[in-house]
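This briefing is meant for a reader who is meeting the structure for the first time. Please look over the sequence and the model below before reading on.

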Amino acid sequence: MQQLAAQSEIDFHSETYKDAYSRINAIVIEGEQEAHENYIKLAELLPDSQDELIRLSKMESRHKKGFEACGRNLQVTPDLKFAKEFFSSLHQNFQTASAEGKVVTCLLIQSLIIECFAIAAYNIYIPVADDFARKITEGVVKDEYSHLNFGEVWLKEHFEESKAELEEANRQNLPIVWKMLNSVAEDAHTLAMEKEALVEDFMIQYGEALSNIGFSTRDIMRLSAYGLAAA
């Protein structure tokens with residue numbers, strides 16, 4: 001009830017809200033674009049899964065169009081320059097890993113970190129979204145779980161030979177998530193999304209994904225600590 005009350009108090013058309021929304025909306029648009037491109041690259045690296053990965057990339061393109069419509073609905077122009085900078089570190093790390101043929105690192109960045117980040121953000125956003133954006137986001141979040149599942153299944157099947165690379169990729173990339181969250185904490189707050197809730201939801205999603213792949217509870221606590229050290 002508290003979240004519903006909060007939604008009724010939000011002025012979706014205030015200049016303050018629309019200013020913050022221009023950056024948050026750009027982030028989800030750019031995030032879906034990054035995911036689209038990443039899945040195409042993964043299709044090249046994993047030819048046996050090419051059809052499934054191309055299907056996932058097309059879904060990300062549809063999500064991007066949906067979030068562009070959310071911006072238009074509020075008459076907001078997304079700040080895409082900000083969003084590209086927001087994703088630049090993860091983007092660069094993915095590009096470097098894919099150029100080196102590091103499939104495991106690419107899957108950790110896209111199928112675990114980016115998908116868990118998206119799911120957490122969408123879960124926290126849905127209760128406080130405007131009606132139009134809520135319907136779009138509810139549809140998207142269902143799809144994101146299937147994208148997360150692809151990475152989980154592949155990494156579980158290749159867990160023993162992937163474990164060392166997964167740990168290294170986690171150490172390099174998880175701290176970036178906290179920098180990303182910190183950089184938008186104020187804008188998220190304006191949209192009634194609290195940083196603590198985003199962190200909590202992300203850690204739950206990410207921990208469950210690591211568990212599904214084959215990491216022990218002790219491993220997960222150790223791997224998660226790399227992110228918290230940067231908070």
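The model is predicted, and the values given here are computed from it. It holds one cavity of 30 Å³ or more, and the largest cavity contains about 370 Å³ of space.

**The cavity**
- The lining of the largest cavity is made up of 31 residues, among which Ile-27, Val-28, Phe-117, Ala-121 and Tyr-122 lie nearest the centre.
- Two or more lining residues come from each of these elements: helix H2 (15-45), H3, H6, helix H7 (131-157) and helix H10 (195-213).
- H6 provides the largest share of this lining, with nine residues.

**Helix H3**
- Helix H3, which runs over residues 50-73 and has 24 residues, reaches 35 Å from its first C-alpha to its last, and this is close to the 34 Å expected at 1.5 Å a residue.
- After H3 comes Gln-75, which has a positive phi, near 55°.

**Glu-115 in helix H6**
- Glu-115 belongs to helix H6, which covers residues 103-125.
- Although Glu-115 is buried, it has no salt bridge, and the nearest side chain of opposite charge, that of Arg-55, is 11 Å away.
- The side chain of Glu-115 does make a polar contact, at 3.1 Å, with the side chain of Gln-110.

Conventions:
Residues numbered from 1 in each chain as written. Predicted model: local features only at pLDDT ≥ 70, side-chain atom pairs only at ≥ 80, totals over all residues. Heavy atoms only, no water. Helix = DSSP H or I, 4+ residues; strand = E, 2+ residues; numbered from the N terminus. Buried < 20%, exposed > 50% of the residue type's maximum accessible area, 1.4 Å probe, protein only. Lys, Arg positive; Asp, Glu negative; His and termini not counted. Salt bridge = Lys/Arg side-chain N within 4 Å of Asp/Glu carboxyl O. Polar contact = N/O pair within 3.5 Å; in protein donor to acceptor, adjacent residues only side chain to side chain. Expected span 1.5 Å × (residues − 1). 1 Å grid on protein atoms, 1.4 Å probe; cavity = no way out; pocket = protein on both sides within 12 Å on 5 of 7 lines; lining within 4 Å. Points joined across faces, edges and corners; volume = space filled by probe spheres on them.
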